[in-house]
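Dear colleague,

Please find the structure below, followed by an account of what was found in it. I would be grateful if you could read the two side by side.

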Amino acid sequence: MLNEHYEIEGWFKLTVTKASTGEITKETGWFKNVITNFGMNYIAGASINALSGAAVGTGTIPETVNDTALQTFLARTNAASPGASNSSPQIGSNVSPYYAKMVVGFRFAEGAAAGNLTEVGIIAQYTGPSWPLWSRTLIKDQSGSPIAITILPDEILDVTYECRVYPQEVPTTSVINILGVDYSCKNVGQQLTSSSNAYPLIRGFGTASDATCQAFNGPIGAAPNNMPTGTSLGSRTTSIAIAYVQNSFTSIGVHTFSPGTATGGIRSITIRPSGLAPSYSLELTPAFPKTATLEFKVTHKVTWSRRVV
């Protein structure tokens with residue numbers, strides 16, 4: 001089995017400016033949020049945009065994973081802040097811990113968010129009938145204590161949200177038995193410094209069966225790329241998807257190399273979901289001697305969780 005895992009976290013910052021002068025009158029530091037269960041389930045799909053708008057309100061009940069809306073809604077917007085690139089993943093860190101990120105900015109026009117704000121959220125489906133939240137949090141200072149921020153009728157509010165996706169950089173190992181022989185199996189993320197690791201935030205993880213799956217006769221190369229080496233033996237011929245289970249945060253597909261394909265000693269396998277999604281490597285020790293008469297199946301499991309530090 002090829003297992004790949006991601007950890008996800010988000011950070012907010014609120015900036016208030018005087019509409020007439022552009023002067024910054026108030027600004028929070030960065031503060032963390034709760035990614036809701038709706039959000040975590042939402043990215044199991046494909047071709048989605050998890051970060052499509054922002055909402056603010058005056059509620060004071062602490063955030064939970066079960067939130068789908070603000071406690072006391074005041075206003076929402078999907079207008080981009082000036083200079084914001086709301087659809088372009090970026091490299092977050094080139095050193096460990098590696099992560100890619102999406103940084104989105106949403107602007108509330110002059111007076112649109114006037115009031116004493118205490119809660120903020122990111123909307124996952126802005127054009128939907130109920131626009132459920134990807135994330136929600138009470139507005140906080142840098143120590144993590146809830147605060148209120150006052151927006152005057154002549155002020156503009158910009159909500160900046162940075163969402164980080166951390167690929168699996170420490171290999172996991174297991175032993176699997178194939179036709180009576182034990183094989184050491186190592187899983188690790190590829191291209192740990194690539195911005196593609198954040199693409200699930202706009203494309204979703206899709207179904208694991210969407211992925212391309214290719215076998216190689218060489219081992220996995222060095223970090224941080226962790227790419228298979230040697231010569232390609234061929235690609236999987238068919239794939240099937242296992243139905244997604246709500247709140248499992250797991251996508252599973254089964255890839256089949258039919259008889260006559262990928263023959264030779266399979267030492268490593270690379271899997272890359274559809275689109276510009278992140279990719280993973282599997283290494284077998286010793287190499288599996290696939291003959292032209294054998295069918296070889298690889299179960300591909302993608303999991304994701306909230307990052308806890």
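The protein has two helices and 22 strands, where helices (H or I, at least four residues) and strands (E, at least two) are DSSP runs, numbered from the N terminus. This is a predicted model, in which local features need pLDDT of at least 70 and side-chain atom pairs count only at pLDDT 80 or more, whereas totals for chains, interfaces and linings use all residues. Residues are numbered from 1 along each chain as its sequence is written, and side-chain values use heavy atoms, with hydrogens and water left out.

Taken along the principal axes, the C-alpha atoms of the protein fill a box of roughly 75 × 35 × 30 Å. Of the 309 residues, 49% count as buried; buried means under 20% relative accessible area, exposed over 50%, and partly exposed in between (1.4 Å probe, protein chains only). Contact here means heavy atoms within 4.5 Å. Among contacts between residues at least 6 apart in sequence, 74% join residues at least 24 apart.

The open sheet around β10

Five strands form an open sheet in the order β4-β11-β10-β5-β6, with antiparallel pairing; two strands pair if DSSP finds at least two bridges between them. At the edges stand β4 (34-35) and β6 (73-77), each with a single partner strand, so one side of each is left without a neighbour in the sheet.

Within this sheet, strand β10 (residues 119-123) is mostly covered, with five of its five residues buried. In a regular strand the side chains alternate between the two faces of the sheet. In β10 both faces are covered: Glu119, Gly121 and Ile123 are buried on one side, and Val120 and Ile122 are buried on the other.

The pairing on either side of β10 can be followed residue by residue. Strand β5 (residues 53-57) runs antiparallel to β10 and is joined to it by five bridges, with Gly121 in β10 as the bridge partner of Ala55. Five bridges also join β10 to strand β11 (residues 133-138), again antiparallel, and here Ile123 stands opposite Leu133 in β11. Further along, four bridges join β5 to β6 in an antiparallel arrangement, where Val56 stands opposite Ala75 in β6.

Salt bridges

A salt bridge is taken as a side-chain nitrogen of Lys or Arg within 4 Å of a carboxyl oxygen of Asp or Glu. By this rule the count comes to 15 salt bridges. One of them joins Glu9 and Lys32, whose closest N and O atoms are 3.3 Å apart. Glu9 lies in strand β1 (residues 2-18) and Lys32 in strand β3 (residues 31-32), so the pair ties together parts that are 23 residues apart in sequence. Glu9 counts as buried at 5% relative accessibility, whereas Lys32 is partly exposed, with a relative accessible area of 33%.

The side chains of Glu162 and Lys101 also meet in a salt bridge (3.9 Å, N to O). This pair links distant parts of the chain, with Glu162 in strand β13 (residues 155-167) and Lys101 in strand β8 (residues 99-108), 61 residues apart. Both Glu162 and Lys101 are buried.

Which residue forms a salt bridge with Arg107? The partner is Asp158, and the closest N and O atoms are 2.8 Å apart. Asp158 is in strand β13 and Arg107 in strand β8, 51 residues apart. Asp158 counts as buried at 9% relative accessibility, while Arg107 is partly exposed at 27%.

Finally, Glu9, Lys32, Lys101, Glu162 and Arg164 are linked in a network of salt bridges.

The largest pocket

Grid points are joined across faces, edges and corners, and a volume is the space filled by probe spheres set on the points.

The largest pocket has a volume of about 190 Å³. Of the 14 residues that line it, the closest to its centre are Ile176, Ile178, Phe296, Lys297 and Val298. Strands β14 (172-178), β21 (280-290) and β22 (296-306) each supply at least two residues of the lining, and the largest share, four residues, comes from β22. By class, the lining has 11 nonpolar, one polar and two charged residues; Ala, Val, Leu, Ile, Met, Phe, Trp, Tyr, Cys and Pro count as nonpolar, Asp, Glu, Lys and Arg as charged, and the others, Gly among them, as polar.

With kind regards

Terms used: 1 Å grid on protein atoms, 1.4 Å probe; cavity = no way out; pocket = protein on both sides within 12 Å on 5 of 7 lines; lining within 4 Å.
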